[in-house]
Amino acid sequence: MRGCIGSQYEYSGELYYPIPCVCKLFKAKTDYLIKTYSELGVFKAAAKNNYLTQLDIDSINFYCESKGWPKIDEQ
């Protein structure tokens, strides 16, 4: 996630140990983007135009299903 190495070191004494609140921020940002792209049909259009591999589609569908959001095929 490339947090600030200095603040990570000050917080935990480790250079590459992320600060928990930063992790939560990145997870919330990722959730928002995936949900928005799903609702707008971006993933469906990308799949239709062969911009996504089957592995990408399966991963997105699995993530959306785990959150209770519609999968790419169900939109």
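Cys 21 is exposed, with a relative accessible area of 53%, where exposed means over 50%, buried under 20% and partly exposed in between, for a 1.4 Å probe and protein chains only. The model is a predicted one, in which local features need pLDDT of at least 70 and side-chain atom pairs count only at pLDDT 80 or more, while totals for chains, interfaces and linings use all residues. Residues are numbered from 1 along each chain as its sequence is written, and side-chain values use heavy atoms, with hydrogens and water left out.

The closest cysteine sulfur to that of Cys 21 belongs to Cys 23 and lies 8.5 Å away, too far for a bond. A disulfide is a covalent bond between the sulfur atoms of two cysteines; here the criterion is a pair of cysteine sulfur atoms within 2.5 Å. The structure holds zero disulfides.

Helices are DSSP runs of H or I with at least four residues, numbered from the N terminus. In soluble globular proteins, nonpolar side chains tend to be buried together.

Asn 61 is found in helix H4, residues 54-67, and is buried, with a relative accessible area of 10%. A polar atom of the Asn 61 side chain lies 2.7 Å from the backbone nitrogen of Ile 72. Residues up to four places away in sequence aside, Asn 61 touches Lys 71, Ile 72 and Asp 73.

Asp 31 has its place in helix H2, residues 20-40. Its C-alpha atom is separated by 9.4 Å from that of Cys 64, 33 residues apart along the chain. Beyond its neighbours within four places in sequence, Asp 31 is in contact with Tyr 63, Lys 67 and Trp 69.

Asn 50 lies in the loop between helix H3 (42-48) and H4, and is exposed, with a relative accessible area of 66%. Asn 50 has a positive phi of about 60 degrees although it is not a glycine. Most residues other than glycine have a negative phi.

Definitions and conventions
Helices (H or I, at least four residues) and strands (E, at least two) are DSSP runs, numbered from the N terminus. A polar contact is a pair of N or O atoms within 3.5 Å; within protein, one must be able to donate a hydrogen and the other to accept it, and residues adjacent in sequence count only if both atoms are side-chain atoms. Contact means heavy atoms within 4.5 Å.
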